[in-house]
Amino acid sequence: MQRWAGRVAVVTGASAGIGAATAEELVKNGVKVVGLARRIDKIEELAESLKSQPGKLYPLKCDITKETEVQEAFKWVKSNLGGVDILINNAGVGKESKLSTGPVDHWRAIIDLNVLALSVCTKEALQSMKERGVDDGHIIHINSISGHRIPQSEHVNMMYCASKYAVTALTEGLRRELVQQKTKIKVTSISPGLVKTEFAAATGSPVDPEKIYSNSAHLDGKDIADVVLYALGTPPHVQIHEVILRPLGQVF
């Protein structure tokens, strides 16, 4: 991680869970981290707690489902920090819905955030890297095991799974684009199993999240952040393309 010290990372959904844990670990390793989220107060609290660390966390309010706000955020990064070297596409949503009943606005919210916003942020980060001649940047998508198989559960959200399957495809598609462009920019997909975050509560599921976590093996945000650091810390000729991690004992 030493080669990333002093360089710039953008983390989406940095106000809680995996995003906050990842931002914290990057700052501890000397990275300048721009944390994007709508709840900027949460990022500001985290930034205050990290003031003694070698890096720095810059809170920036941004709804990444709005392209103009994403463009303005990346302009801010360019003006104030020079540009982006690392992008962690972490923000995601999984609103409760079924294909047979909807509601359609839940489907739209899932696709807008999990697929389109991720793609817009990726495009902006790549443009930032290329216009500065950065040839060793890194794009990391926080995916899900639901992007590789459909869970066995009566509460499974098919549109969420579809959005994560899309992230799996987008990761491979971007890898091929970068190979064709003969760049050394890397792309990595990290697919966790059950992680204890605010995500479950935000889905609107009828199942109490605390009941899920108390009865099931689960990971914590820092577990995912550790994998992010591992992928970033590999030698220039090594690309960690896909990591699937589950808590020991997860049964679904």
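R176 and E172 both belong to helix 5, and because they are 4 residues apart, about one helical turn separates them. Helices here are DSSP runs of H or I with at least four residues, and strands are runs of E with at least two, both numbered from the N terminus. R176 and E172 form a salt bridge in which the closest N and O atoms are 2.7 Å apart. The term salt bridge stands for a side-chain nitrogen of Lys or Arg within 4 Å of a carboxyl oxygen of Asp or Glu. Side chains of opposite charge can pair when their charged atoms come close.

Some notes on the model come next. This is a predicted model, in which local features need pLDDT of at least 70 and side-chain atom pairs count only at pLDDT 80 or more, while totals for chains, interfaces and linings use all residues. Residues are numbered from 1 along each chain as its sequence is written, and side-chain values use heavy atoms, with hydrogens and water left out.

The whole structure holds 12 salt bridges. One of them joins K28 to E24, with 3.1 Å between the closest N and O atoms. These two residues sit in helix 1, and because they are 4 residues apart, about one helical turn lies between K28 and E24. K28 has a relative accessible area of 34%, so K28 is partly exposed; E24, with 24%, is partly exposed too. In these terms, buried means under 20% relative accessible area, exposed means over 50%, and partly exposed is in between (1.4 Å probe, protein chains only).

In helix 3 (residues 67-81), K75 and E72 are 3 residues apart, which means that about one helical turn separates them. Their side chains meet in a salt bridge, at 3.6 Å from N to O. E72 is partly exposed, having a relative accessible area of 48%. Salt bridges can also be linked to one another: R7, D85, R132 and D136 form a network of them.

How do the helices lie against each other? Helix 1 (residues 17-28) packs against helix 8 (residues 221-232) with the axes 8 Å apart and an angle of about 50°. Helix 1 is therefore oblique to helix 8. Angles under 35 degrees count as roughly parallel, over 145 as roughly antiparallel, 65 to 115 as roughly perpendicular, and the rest as oblique. The axes themselves are lines fitted to C-alpha atoms, for helices over the stretch in contact, and the angles run from 0 to 180 degrees between N-to-C directions. The crossing of helix 1 and helix 8 is right-handed. A crossing is right-handed if the near helix is turned clockwise from the far one by less than a right angle, and left-handed if anticlockwise.

T22 is in helix 1. With a relative accessible area of 0%, T22 is buried. T22 and I224 are 202 residues apart in sequence, while their C-alpha atoms are 7.5 Å apart in space. For another pair, R39 and G233, the separation is 194 residues in sequence and 30 Å in space, C-alpha to C-alpha. R39 is in the loop between strand 2 (32-37) and helix 2 (40-49), and R39 is partly exposed at 35% relative accessible area.

Two further helix pairs involve helix 4. The axes of helix 3 and helix 4 come within 10 Å and cross at roughly 30°, so these two helices are roughly parallel to each other. Helix 3 passes helix 4 in a right-handed crossing. Helix 4 and helix 5 have axes that come within 9 Å and cross at roughly 15°. Helix 4 is therefore roughly parallel to helix 5. This crossing of helix 4 and helix 5 is right-handed.

The backbone comes next. Most residues other than glycine have a negative phi, and most peptide bonds are trans. G102 and P103 are joined by a cis peptide bond, with omega about 5°. P103 lies in the loop between strand 4 (86-89) and helix 4 (104-131). K182, a residue other than glycine, has a positive phi near 55°. K182 is in the loop between helix 5 and strand 6 (186-192), and K182 counts as exposed because its relative accessibility is 75%.
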